[in-house]
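Have the structure open while you read.

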Amino acid sequence: MTDQSQLAAQVADLKDVPVLVVGDVMLDRYVYGDAVRISPEAPIPVLSIDHENAMLGGAGNVVRNLAAIGARAEFVTAIGDDASGREVRHLLEQENGVTPRLAVEAARKTSIKTRFCAGNQQLLRADRETVGPLSKGGQDDVLEAVARGLKDSRILLLSDYGKGVLSPALLPQLIELARCAGRPVVADPKGVDFSRYRGATLLTPNRRELAEATHMPVKSDEDVVAAAKHLMAACGVLNVLVTRSQDGMTLVESSGAVHHLKAEAREVFDVSGAGDTVIATLSAALGAGLPLVSAARLANAAAGIVVGKVGTAIVHPEELVAAFHHQDLWQAESKLASLEQAKERLSAWRLKGCKIGFTNGCFDLLHPGHVSLLAQARAACDKLVVGLNSDASVSRLKGPTRPVQSEASRAAVLASLASVDLVVIFGEDTPLALIESLKPELLVKGSDYTVDKVVGADLVQSWGGRVLLADLAQGHSTTATIARMKSE
């Protein structure tokens with residue numbers, strides 16, 4: 001087994017690893033629209049709002065990443081007694097494998113960052129939050145939850161965004177609780193005084209944070225190692241992993257060993273939340289008992305994947321495995337995607353200005369008619385997504401003897417075609433929900449349909465897209481082929 005294969009195999013070890021997370025949760029809200037005119041009241045753009053969404057941010061994004069890779073997270077944090085706090089609670093309850101332990105502070109505003117975006121361009125960010133330590137009662141709640149949570153967790157992860165949950169008074173007590181329980185402590189630090197994290201097993205500063213905390217140069221490999229060793233000695237932490245953007249990572253261990261890991265990113269769209277992905281993957285790997293350098297390599301690969309996505313994204317285990325198998329998910333050999341993966345891929349393609357086309361079908365026993373339709377569809381767009389009926393869906397539509405080929409086989413054949421960029425299997429009788437989620441600019445069906453009979457046509461047209469009725473290659477039919485096979 002190669003070194004890469006061993007790392008790929010270790011991804012499975014992250015599943016169900018219990019991680020105790022303490023830190024500052026935020027609500028990241030995005031307001032999207034068009035800005036095509038200037039306000040007559042002031043020289044500012046007017047945003048015509050189209051839609052909004054919200055997701056967990058700060059330490060909440062760390063928890064999302066833990067859940068995505070299959071680990072279990074117990075999350076200790078604080079919210080205000082307000083609508084944003086209730087939204088945070090709801091979002092946490094939607095995450096599989098996440099157990100929230102929320103201290104509710106009546107006098108505290110739940111942190112919320114609202115970003116106003118025209119297309120892919122941010123116009124403004126508005127923050128609403130309380131920055132400061134928790135009340136005495138809130139701190140007691142956190143300590144009690146951590147003491148209890150450490151019994152069932154393998155590692156303590158501290159995600160510090162400087163909002164007050166991890167106050168200078170509380171931090172030493174949390175680290176001492178973990179030490180007494182025999183649990184390692186990994187911390188994503190904030191500020192310039194890293195002595196607050198004295199006793200931690202590992203800190204994960206980025207290059208700028210390391211420079212500000214040590215007042216030392218960090219341009220070269222030698223600079224980074226010297227600054228990290230100074231940090232370890234001055235602040236009493238055992239190990240340091242420095243994230244260095246395009247220069248990868250540097251791990252300096254207490255043994256004196258130094259590891260420089262090259263950046264794994266193939267495409268960089270957005271580095272937001274990459275640090276959250278790093279510490280989540282790293283902590284799950286350490287909790288699984290992997291050596292520190294292996295955990296760092298897994299985290300480095302995860303960071304390389306997440307920066308290729310839009311916004312504060314997450315990484316799935318299969319993506320991590322594929323990265324180690326050198327299977328580029330953005331290339332042809334990995335075209336089968338879940339709905340969530342497809343939405344992430346489409347976001348990245350749209351950032352490049354690509355027009356997305358969509359067609360769907362059973363594609364059982366692929367024939368020249370199918371190939372012709374797919375080629376026409378691909379010629380009319382930049383990226384073609386094929387919605388493929390699941391086996392159960394085909395059986396309902398075509399009868400119990402269909403499909404002839406399994407959904408895995410049909411997807412593999414479709415993915416081998418140059419005209420197909422992505423295959424998404426759906427289990428419903430129609431692709432309506434899939435179309436509504438992916439919002440293609442082009443919808444393609446054969447010319448045996450009329451536009452008013454094409455499922456989703458009205459939806460696509462409602463957001464300015466169009467419907468293409470492709471010419472049919474005559475004399476080709478899966479049903480006719482099967483009938484001939486039975487008669488022979």
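This is a predicted model: local features need pLDDT of at least 70, side-chain atom pairs count only at pLDDT 80 or more; totals for chains, interfaces and linings use all residues.

## Arg-125 and its partner

Arg-125 is partly exposed, with a relative accessible area of 41%. What does Arg-125 form a salt bridge with? The partner is Asp-127, and the closest N and O atoms of the two sit 2.6 Å apart. Asp-127 is partly exposed too, at 37% relative accessible area. Both values fall between the 20% and 50% cut-offs, so neither residue counts as buried or exposed.

The chain's average pLDDT is 91, and 93% of the residues score at least 70. The stretch to treat separately is residues 327-333, where the pLDDT is below 50. Even so, the model gives that stretch 16 contacts beyond near neighbours in sequence.

Side chains of opposite charge can pair when their charged atoms come close. Searching the whole structure turns up 20 salt bridges. One of them joins the side chains of Glu-87 and Arg-29, with 2.7 Å from N to O. This pair links distant parts of the chain: Glu-87 belongs to helix H3 (residues 83-94) and Arg-29 to strand S2 (residues 25-38), 58 residues apart. Are the two ends buried or partly exposed? Glu-87 is partly exposed, with a relative accessible area of 26%, whereas Arg-29 is buried at 18%. The cut-off for buried is under 20%, so Arg-29 falls on the buried side of it.

Another salt bridge pairs Arg-101 with Glu-74, and here the closest N and O atoms are 3.0 Å apart. Arg-101 sits in strand S5 (residues 98-105) and Glu-74 in strand S4 (residues 72-80), so this pair ties together parts that are 27 residues apart in sequence. On accessibility, Arg-101 counts as partly exposed at 33%, while Glu-74 is buried with a relative accessible area of 14%.

## Two aromatic pairs

The structure has 2 aromatic pairs. Tyr-30 and Tyr-32 make a stacked one, with 6.1 Å from centre to centre and 10 degrees between the planes. The stacked label applies because planes under 30 degrees apart count that way. Tyr-30 counts as buried at 10% relative accessibility, but Tyr-32 is partly exposed, with a relative accessible area of 23%.

Phe-194 and Tyr-197 are arranged another way: their ring centres lie 6.0 Å apart and their planes stand at 75 degrees, so the pair is edge-to-face.

## Helix H8 against helix H9

Now over to the helices. The axes of helix H8 (residues 274-287) and helix H9 (residues 292-306) come within 8 Å and cross at roughly 150 degrees. In which hand does H8 pass H9? The crossing is right-handed.

Which residues meet where H8 and H9 come together? From H8 come Ala-274, Thr-277, Val-278, Thr-281, Leu-282, Ala-285 and Leu-286. They meet Leu-292, Ala-295, Ala-296, Leu-298, Ala-299, Ala-302, Ala-303 and Val-306 in H9.

How values were computed
Residues are numbered from 1 along each chain as its sequence is written. Side-chain values use heavy atoms; hydrogens and water are left out. pLDDT is the predictor's confidence in each residue, from 0 to 100. Contact means heavy atoms within 4.5 Å. A salt bridge is a side-chain nitrogen of Lys or Arg within 4 Å of a carboxyl oxygen of Asp or Glu. Helices (H or I, at least four residues) and strands (E, at least two) are DSSP runs, numbered from the N terminus. Buried means under 20% relative accessible area, exposed over 50%, partly exposed in between (1.4 Å probe, protein chains only). Rings of Phe, Tyr and Trp (its six-membered ring) pair if their centres lie within 6.5 Å; planes under 30 degrees apart count as stacked, over 60 as edge-to-face and the rest as tilted. Axes are lines fitted to C-alpha atoms, for helices over the stretch in contact, and angles run from 0 to 180 degrees between N-to-C directions. A crossing is left-handed if the near helix is turned anticlockwise from the far one by less than a right angle, and right-handed if clockwise.
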